[in-house]
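User: I have a new model open on my screen and would like to talk it through with you. Could you help me read it, one question at a time?
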Amino acid sequence: MTGCLGTKSLRLIIEHPLPISVSIVIVAFVFIWKGLTEGIQSKLFAGITFFCLAVVAWCIGTFIDTPREHARRIVKEFVAAVEEGRTRDAVGLVSKDVMIVDDWEGSKNGGRAELMAALERLHDRYTLSHSTILGLKPYEREGDVQVELSLFVRVSSIGSVPSKWRIIVGETQDEGWSIWSIDALEVAGRKIR
């Protein structure tokens, strides 16, 4: 039970270093203030200890990334690259064997070449702007991270288009962190499956 609690606490520190560190610093300053005004060295020492703990928590959170943080970062970078028409950058974030599930057209295709062709077709027909991520929920699983993405994109000649996606992100020795699978669930209110 305590191992699970310790893991959750560490994950909280790693994924949210700034608010955790600021909270600890506030506690530190309260102890330091009390120690100085009341002349109690144990409170002063406790304040200095809490301050050092805040610095350690911030360093741990800043320099260590969890799989969920990697997934979050890659998906955000991918969305930005697609919106801005940076096809090569977008394709650089996916695995060479990426699975593109496209049940809308009745096919399942994969690979970087297919993704590049699909993105080029998209940008030939439409101009994308103002992508807004409404929801990005990463779920860590055995060996990968499943990201549920809700997106709102301004599309030329159509207007604002909501969509929902399921993206699988994982790590390999050769490619590092990359997108393994892109699955459109719903586009413009139309369920894909």
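User: With which side chain does the side chain of S163 make a polar contact?

Analyst: Happy to start there, keeping in mind that this is a predicted model. S163 sits in strand β5, and S163 is buried, with a relative accessible area of 8%. Its side chain makes a polar contact at 2.8 Å, and the partner is the side chain of W165.

User: Which residues does S163 touch, leaving out those up to four places away in sequence?

Analyst: Setting aside residues up to four places away in sequence, S163 touches residues that include E186, which is found in strand β6.

User: Is E186 buried or exposed?

Analyst: A glutamate is worth a check here. E186 is found in strand β6, and its C-alpha is separated by 7.0 Å from that of W165, 21 residues away along the chain. The cut-off for burial is under 20% relative accessible area. E186 has 17% relative accessibility, so it counts as buried.

User: Which residues touch the most other members of the largest nonpolar core?

Analyst: That core has 30 residues. In soluble globular proteins, nonpolar side chains tend to be buried together. Here the ones that touch the most other members are V75, F78, V94, L115, V147, V169 and I179.

User: Which element gives the most residues to this core?

Analyst: Several elements give two or more residues: α4 (67–83), α5 (87–92), β1 (94–102), α6 (112–125), β3, β4, β5 (159–172) and β6 (176–187). With seven residues, the one that gives the most is α4.

User: How far apart are the end C-alpha atoms of α4?

Analyst: α4 has 17 residues, and at 1.5 Å a residue they should span 24 Å. The distance in the model agrees with that expectation, because the end C-alpha atoms are 24 Å apart.

User: Which residues of α4 are buried?

Analyst: An α-helix has 3.6 residues a turn, so residues three or four places apart point the same way. That is a handy pattern to look for as you go down the list. The buried residues of α4 are E69, H70, A71, I74, V75, F78, V79, A81 and V82.

User: Which residues does F78 touch, not counting those up to four places away in sequence?

Analyst: F78 is placed in helix α4 and counts as buried at 8% relative accessibility. F78 and L93 are 15 residues apart in sequence, with their C-alpha atoms 6.6 Å apart in space. Beyond four places in sequence, F78 touches A90, L93, V94, L115, I179 and I182.

User: Which residue in β4 is the bridge partner of Y139?

Analyst: Strand β3 (residues 128–141) and strand β4 (residues 144–155) pair in the antiparallel sense over 11 bridges. They form a hairpin with two residues between them, and G143 in the turn has a positive phi of about 90°. For Y139, the bridge partner in β4 is Q146.

User: What is the phi of H130?

Analyst: H130 lies in strand β3, and at 60% relative accessibility it counts as exposed. Its phi is positive, in a residue other than glycine, and is near 55°.

User: Is S157 buried or exposed?

Analyst: S157 lies in the loop between β4 and β5. It has a positive phi of about 65° although it is not a glycine. Exposed means over 50% relative accessible area. With 74% relative accessibility, S157 counts as exposed.

User: Which residues of α3 are buried?

Analyst: Helix α3 (residues 41–63) has 23 residues and reaches 33 Å from its first C-alpha to its last, close to the 33 Å expected. Its buried residues are G47, A54, A57 and G61.

Note on methods
Residues are numbered from 1 along each chain as its sequence is written. This is a predicted model: local features need pLDDT of at least 70, side-chain atom pairs count only at pLDDT 80 or more; totals for chains, interfaces and linings use all residues. Side-chain values use heavy atoms; hydrogens and water are left out. Two strands pair if DSSP finds at least two bridges between them. The expected span of a helix is 1.5 Å times one less than its number of residues. Buried means under 20% relative accessible area, exposed over 50%, partly exposed in between (1.4 Å probe, protein chains only). A nonpolar core is a set of buried Ala, Val, Leu, Ile, Met, Phe, Trp, Tyr and Cys residues joined through side-chain atoms within 4.5 Å. A polar contact is a pair of N or O atoms within 3.5 Å; within protein, one must be able to donate a hydrogen and the other to accept it, and residues adjacent in sequence count only if both atoms are side-chain atoms. Contact means heavy atoms within 4.5 Å.
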